[in-house]
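Visitor: I am new to this structure and would like to learn how to read it. Could you walk me through some features?

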Amino acid sequence: MDSKTLREKYLRFFKKNGHKIIPSAPLVPAEDEQLEGKEKVLFTSAGMQPLIPYLTGQKEPISKRLVDVQKCLRTDDIEKVGDLVHHTFFEMMGNWSIGDYWKKEAITLSFEFLTEELEIPVNKLAVTVFAGDNDTPRDEESAKTWESYYSGKEHNWWPSGEKSGPCGPDTEMFYWTGEGESEGKPNEDVRWVEIWNDVFMQFNRKEDGALEDLPQKNVDTGMGLERTLAVLNGLDDDYRTDLFIPVIEIIERYTNKEYSDAENQEAMRVIADHMRAAVHLIIDGVQPSNKLQGYILRRLIRRSAVKMHKLNGGLTALPAFSAIVESIGSNKRDLAEEVVKNELNKFRDSLDRGLKQVEKIDRIDGKKAFDLYQTFGFPYEVTEELFRQKGQEIDREQFKAEFEKHRELSRTASSGMFKGGLADSSEIVTKYHTATHLLHQALRDILGPQVFQKGSNITAERLRFDFSFDKKMTNEEIIKTEDLINRKI
Ligand code: ATP
Ligand code: MG
């Protein structure tokens, strides 16, 4: 089965069962949706995230049953990339009940999809269910529906830890990727690969830690496209599916090395994963920079460049990146290629010299790591990885202290040169300030949620507003934006 067929099967099955198909939200949530509790979320990391307002009852959904294929990015998993089943960018297929069906129907749907639509033999599957603890009883209802395994809150509870907000037990589904008869247990033996998770949002955890019943109970499920595709094709390696094969082949061609050779696998997987993530980030409006989403993008591209350099023993493989971007494809291929090329051009001269410098360093510390960042553009995490391979750890606090010290110095140097924000508080300046907010919102309404403020400067004569957008605005877009602001005024 190919990836396209799997996506279609999922959507069709849940549509047939009364679900409304909704499109994937962008990888970068709108600015006002980036705060989840006290934490800032940079990226959409699960299918449920864009649906929070519906799950919490703040907004009315178009249907109580929804299904989609959501693009996700998990920075927490960057260090896991290189194994067989974790990616930074991946697609999560999901179905939701928003105050509609509950455990029995959700599990039945999952089971039917796995065994009837995907025709997975039951003896290849295992499931786990929440075992109960001091503050929550064992999930008998799910267990009755599956005949099954039990485990503790470290596996069958969402979200992990004791965060306040909606939560509840979940039930996870695993596929046996080992040879012959299945053995051992999910969560203990890596040959059991988690493919799907049904979360039952049943409680609200209050600030004081106590649980109360939610007025509206929801089902939230997430099934990884890449892993499911691999196991359906009898593979234990996501990188051998049609989603990755073209990229791996390009890396092989340009480096003259084989993916089947175990010593190349980790690097090739990281490059393939990171470049796929980079392309999708660029498509969704992210540009490389030194902070937030832009920094993650920079880190993904530069880490790939370092890995490629090491695989290839030189810089000749850099044209491979254009071929990779091309093979990942999208409607914005040219943009992605240009952004990747620019970023690599910035890095290519210093990469070689930086790696030579790395060779010269006997003992890394935070200050030297900062020099590598400052002089050669090595993201901290890249340096950390290079030295970890030599058995050396860096003191991150020392790096941070160096970073802050430098920032203070450059801030002092530039203050007076570029005054940002509100220069004074005369009436006209206050009006311009309000106008920047109107402008920001209007740009997002007209151009899309990928637009973010990057800076602004106000004097008594005019305002300047910097924002991220990958193209020149058309005249029509400019007029629409002006009209919208004038209407609001
Ligand atoms: P794991 O324990 O394997 O990291 P998880 O518990 O973090 O998985 P969930 O948060 O429940 O996974 O996400 C739902 C589904 O999304 C998983 O069952 C899996 O199929 C898929 N998934 C999760 N993380 C990744 C990843 N980094 N790369 C690819 N697929 C993933
Ligand atoms: Mg995980």
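This is a predicted model: local features need pLDDT of at least 70, side-chain atom pairs count only at pLDDT 80 or more; totals for chains, interfaces and linings use all residues.

Visitor: Which domains does the assignment give for the protein chain?

Guide: Domain bounds come from an automatic or database domain assignment. Here they are domain 1 (3-238), domain 2 (258-413) and domain 3 (421-488). Taken over C-alpha atoms, the centres of domain 2 and domain 3 are separated by 33 Å.

Visitor: Is Phe-14 buried or exposed?

Guide: Buried means under 20% relative accessible area, exposed over 50%, and partly exposed in between (1.4 Å probe, protein chains only). Phe-14 has a relative accessible area of 0%, so it is buried. Phe-14 sits in helix α1 (residues 3-16); helices (H or I, at least four residues) and strands (E, at least two) are DSSP runs, numbered from the N terminus.

Visitor: Which residues does Phe-14 touch?

Guide: Contact means heavy atoms within 4.5 Å. Not counting residues up to four places away in sequence, Phe-14 touches His-19, Val-67, Asn-95, Leu-109 and Trp-196. Val-67 is 53 residues from Phe-14 along the chain, yet their C-alpha atoms are separated by 6.6 Å.

Visitor: How are two packed helices described?

Guide: By the angle between their axes and the distance between the axes. Axes are lines fitted to C-alpha atoms, for helices over the stretch in contact, and angles run from 0 to 180 degrees between N-to-C directions. Angles under 35 degrees count as roughly parallel, over 145 as roughly antiparallel, 65 to 115 as roughly perpendicular and the rest as oblique.

Visitor: At what angle do α9 and α10 pack?

Guide: Helix α9 (residues 319-328) and helix α10 (residues 333-360) pack at about 155°, with axes 9 Å apart. That makes α9 roughly antiparallel to α10. Phe-321, Ser-322, Val-325 and Glu-326 of α9 meet Arg-333, Ala-336, Glu-337, Val-340, Lys-341 and Leu-344 of α10. The residues of this contact divide into five nonpolar, one polar and four charged; Ala, Val, Leu, Ile, Met, Phe, Trp, Tyr, Cys and Pro count as nonpolar, Asp, Glu, Lys and Arg as charged, and the others, Gly among them, as polar.

Visitor: And at what angle do α8 and α9 pack?

Guide: Helix α8 (residues 292-312) and α9 pack at about 125°, their axes 11 Å apart. The two are therefore oblique to each other. Ser-304, Ala-305 and Met-308 in α8 meet Ala-320, Phe-321 and Ile-324 in α9. This contact divides into five nonpolar residues, one polar and no charged.

Visitor: What should I look for in the backbone?

Guide: Most residues other than glycine have a negative phi, and most peptide bonds are trans. The bond from Trp-158 to Pro-159 is cis, with omega near -5°, and Pro-159 is found in the loop between β8 (157-158) and β9 (165-176).

Visitor: Where is Glu-119 found?

Guide: Glu-119 is in the loop between α3 (103-117) and β6 (125-130). Its phi is near 55°, a positive value in a residue other than glycine. At 63% relative accessibility, Glu-119 counts as exposed.

Conventions: Residues are numbered from 1 along each chain as its sequence is written. Chains are lettered from A and ligands numbered from 1 in the order in which they are written. Side-chain values use heavy atoms; hydrogens and water are left out.
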